[in-house]
Amino acid sequence: ALLARLRSLTMFVLHIMKEKHALKYHICTDVRLMRLSQKYLPRTLNNVKIKSMDVLDRKLRATILRIDYFITALCFAFDMAFLILYVVTDDLFYPLPVYICVRMLPPTCVNLAACFIGRKYNTSPVASDEVKNEACAATLCTIGSSMGIFHSFFVPLWLAPCIGMMFCGVFASRRLRLLLAGYSMIMMVAAAAFQCFERPEAIKDHMQNLAVTLAIGIIMYAISKVISQYMADYGSQMKASALREQELINQMHYEPLTGVFFSRPYFIERAEEILGKCAADHPVSLAMVDFDYFKQINDVYGHDNGDKVIMAFADLTLTITGDDILAGRYGGEEFVFIFDGSEMRKHLDAVEYLRERFGAIDFDFMDKHITLSCGIASATDSIGYEELFAMADGALYRAKEEGRNRTVGVRA
């Protein structure tokens, strides 16, 4: 996000190099947004987390586990059916105990172990999404491999692990795709070796079958690569769309000059949520801050310098803001702060800190300091935003009447 912003800033510089005033304003606001975003914007472009792909991965892992369970049950059912068929037709080429130990128990145990491991990793709170994806993909290929090895007399089953590899291309991981490809090829060779051990007289046929299945496996790997690339492009488009959506939301709710809330309905909604928690042990305060004689600054020194004053104040608020403070710009030179929890005295101290520090700032376009008038209203019981705002506004009006450059506090 930072690199994208720097690129846009560079293009802007090249495009309007002759427009010095516009250039100066853009650089100022653009850099400020990068600095202020960490404090004021809870959902900035820097912090956007694309959750849709994570949700899709979770659904895919759950689907793979269900497929694992289904294949395990289906394989066991077919093994039992073939056992009954061979016993009835007297076509059992192994003694019954040997057949059960060689043809039935090993694949069933491998499949059950794969299902258990896949479920364990998928429900683990410490495993990363990447590890979970790899574990689920490995279980699917392992179950396919057990089908190919222990039922190697059905040559098409040699390709079963490759089917799992191709399906898991949806995870869009090159590392996972390569691991599954190598694993599948080894399992196909193992299936051919198992069949050569059982029927050494047809080893030439087995090698031909192996060559064909390996070729098909390579084709399936290519298909998996295409699927993986498609999913990667799809994820990139979703991310770009989410970033654009978030950018539009920020433009709706936040002011580019200061980086604080600008949409009054959204600010009030957030404020009402905080006020809903107001209690005796969880006080909430609303403060209004206004620049003294700000209209004269704009009239005498120009609106550009007036913007400098506003931005200097926004910079100063970074020293007090946090998760428990909501800041918004109410009007041209008025700012509103919501203090959530802590102590009422600390709320008042924070406002006084802003007033005193801002009053000591030297501006290069004027030879005197700019002062602030502040009003703060605190509550320890349930109260609405409009009521608390009116009290803070009245306290601000009193601060103006009493000579400006001061803070007046009231309690609900």
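1. Helices (H or I, at least four residues) and strands (E, at least two) are DSSP runs numbered from the N terminus.

2. Please keep in mind that this is a predicted model, where local features need pLDDT of at least 70, side-chain atom pairs count only at pLDDT 80 or more, and totals for chains, interfaces and linings use all residues. Residues are numbered from 1 along each chain as its sequence is written, and side-chain values use heavy atoms, leaving out hydrogens and water.

3. Now the sheet: 5 strands form an open, mixed sheet in the order β2-β3-β1-β4-β5, where pairing takes at least two DSSP bridges between two strands. β2 (325–329) and β5 (407–411) are at the edges with a single partner strand each, so one side of each has no neighbour in the sheet. From one strand to the next, the twist averages 15°.

4. Within that sheet, β1 (residues 284–291) and β4 (residues 372–379) run antiparallel, joined by 8 bridges. V284 stands opposite A379 in β4.

5. Do look at the loop between α13 (385–401) and β5, where R404 is placed. R404 has a positive phi near 65°. N405 lies in the loop between α13 and β5 too, with a positive phi near 50°; neither residue is glycine.

Methods. Axes are lines fitted to C-alpha atoms, for helices over the stretch in contact, and angles run from 0 to 180 degrees between N-to-C directions.
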